[in-house]
Amino acid sequence: MKILLVYYTGTYNTRFLTDGVQAELLRRGHEVDRAEIRRGAPVINTAGYDMIGFGYPIYGFNSPLPFNNYVKKLDILSGQKYFIYKNSGETFAMNNASSRILLRRMRRRGAIFAGEYHFVMPYNIHFAFDKNFVREILFYNKKLLKIMADDLESGHAARIHSNPAYNFASAIISVQKIGGAVNSFFYRADDKCTLCGLCVKNCPEDNIKIKDGKIEFGRRCDMCMRCSFFCPADAIHIGFLQGWKVNGDYRLNELERLGPPESPYITPESKGFYKCFINYFKDIDERYARLEDRGGSPDKTDI
Ligand SMILES: Cc1cc2nc3c(=O)[nH]c(=O)nc-3n(C[C@H](O)[C@H](O)[C@H](O)COP(=O)(O)O)c2cc1C
Ligand code: SF4
Ligand code: SF4
């Protein structure tokens with residue numbers, strides 16, 4: 001198949017995931033192109049692709065606004081097959097509603113649903129995940145990638161079920177609409193800033209500049225956290241979300257290479273925030289076992 005991956009990323013978790021999707025599909029002999037969404041990115045021509053994969057991080061139980069705006073501009077033909085690979089820091093059921101705008105848009109255009117997959121990636125906001133937890137997550141993501149690729153090849157369209165209550169609630173909690181309009185007034189860099197220019201160069205909205213020897217934020221912030229997450233001096237204040245700021249690269253490639261932790265991070269006794277991962281990992285294990293029974297994923301060397 002000729003497959004196009006269209007994705008949005010803030011702190012590069014979705015880009016990392018897209019690298020994995022691309023590698024798995026290439027390994028199976030498919031042709032893969034990709035398009036990363038950022039301000040000014042050209043609207044890609046989708047003609048000639050057998051399938052489109054949409055990747056996005058969940059923001060407040062929704063897909064990101066720049067992602068929605070970009071997809072709106074795509075010329076999707078009736079009969080076009082598509083799948084979704086979304087990711088977020090946890091698997092609370094409210095996240096199930098996050099694709100509702102994309103699904104509605106694709107339905108209206110007569111596109112054919114080929115599956116939806118929810119990957120977990122470490123939080124880029126709220127709190128930093130423990131490295132062993134990240135290693136375990138990345139290990140499970142590799143299994144889910146293989147399940148997804150096998151489904152896409154066999155025509156099994158996996159669904160994530162939402163309900164009207166979740167859809168309604170997630171429509172109300174569109175943090176980015178508030179964030180973009182209000183919170184961006186409170187972004188600032190403090191005295192620790194060395195004017196290295198990294199945030200200016202990398203902001204996907206070109207929303208940061210250096211003026212009169214100081215960092216200045218504009219008013220079109222996506223709340224993607226890229227600037228504050230990667231600032232080497234940890235100098236950026238992110239307004240009312242300051243208490244939830246996470247600063248520092250997880251170094252995902254290195255953690256992935258290490259493989260899963262020596263003893264499981266999530267156990268049947270895991271509680272509180274971590275409880276939702278018990279069933280999430282169990283579900284992946286069960287689906288992966290079925291895949292092996294069917295003779296899928298013959299190459300397991302990288303798991
Ligand atoms: C503004 C904002 C809102 C978020 N909302 C959620 C959420 O509702 N649920 C969740 O599990 N993770 C949430 N996250 C965490 C991200 O979805 C997660 O860290 C993701 O992997 C980031 O991907 P990226 O690096 O490609 O941007 C949020 C992150 C941001 C910045
Ligand atoms: S990345 Fe941090 S240190 Fe570098 S210019 Fe931006 S705020 Fe200053
Ligand atoms: S200002 Fe920072 S959080 Fe806002 S869009 Fe740019 S990089 Fe993302």
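Reader: What makes the radius of gyration of the protein chain agree with a compact globule?

Author: The radius of gyration is taken over C-alpha atoms, and the globule rule is 2.2 Å times the number of residues to the power 0.38. For 303 residues the rule gives a value near 19 Å, and the protein chain has 19 Å, so the two agree. The C-alpha atoms fill a box of roughly 60 × 50 × 40 Å along the principal axes.

Reader: What is the origin of the model, and how is it numbered?

Author: This is a predicted model, in which local features need pLDDT of at least 70, side-chain atom pairs count only at pLDDT 80 or more, and totals for chains, interfaces and linings use all residues. Residues are numbered from 1 along each chain as its sequence is written, while chains are lettered from A and ligands numbered from 1 in the order in which they are written.

Reader: What makes a set of residues a nonpolar core here?

Author: The set must consist of buried Ala, Val, Leu, Ile, Met, Phe, Trp, Tyr and Cys residues joined through C-beta atoms within 7 Å. Buried means that 20 or more other C-beta atoms, placed from the backbone, lie within 10 Å of the residue's own. The largest such core has 49 residues, and Met 51, Phe 54, Tyr 82 and Tyr 85 have the most contacts inside it. A second, separate core holds 17 residues, including Cys 199 and Cys 231.

Reader: Which residues come closest to ligand 1, and which domains supply its shell?

Author: Of 24 surrounding residues, the closest are Gly 10, Asn 13, Thr 14, Pro 57 and Ser 88. Helix 1 (13-27) and strand 4 (81-88) each give two or more residues to this shell. At least three come from each of domain 1 (2-171 + 250-293) and domain 2 (184-244), with bounds from an automatic or database domain assignment.

Technical notes. Near = placed C-beta within 6 Å. Helix = DSSP H or I, 4+ residues; strand = E, 2+ residues; numbered from the N terminus. Buried ≥ 20, exposed ≤ 12 C-beta atoms within 10 Å, placed from the backbone.
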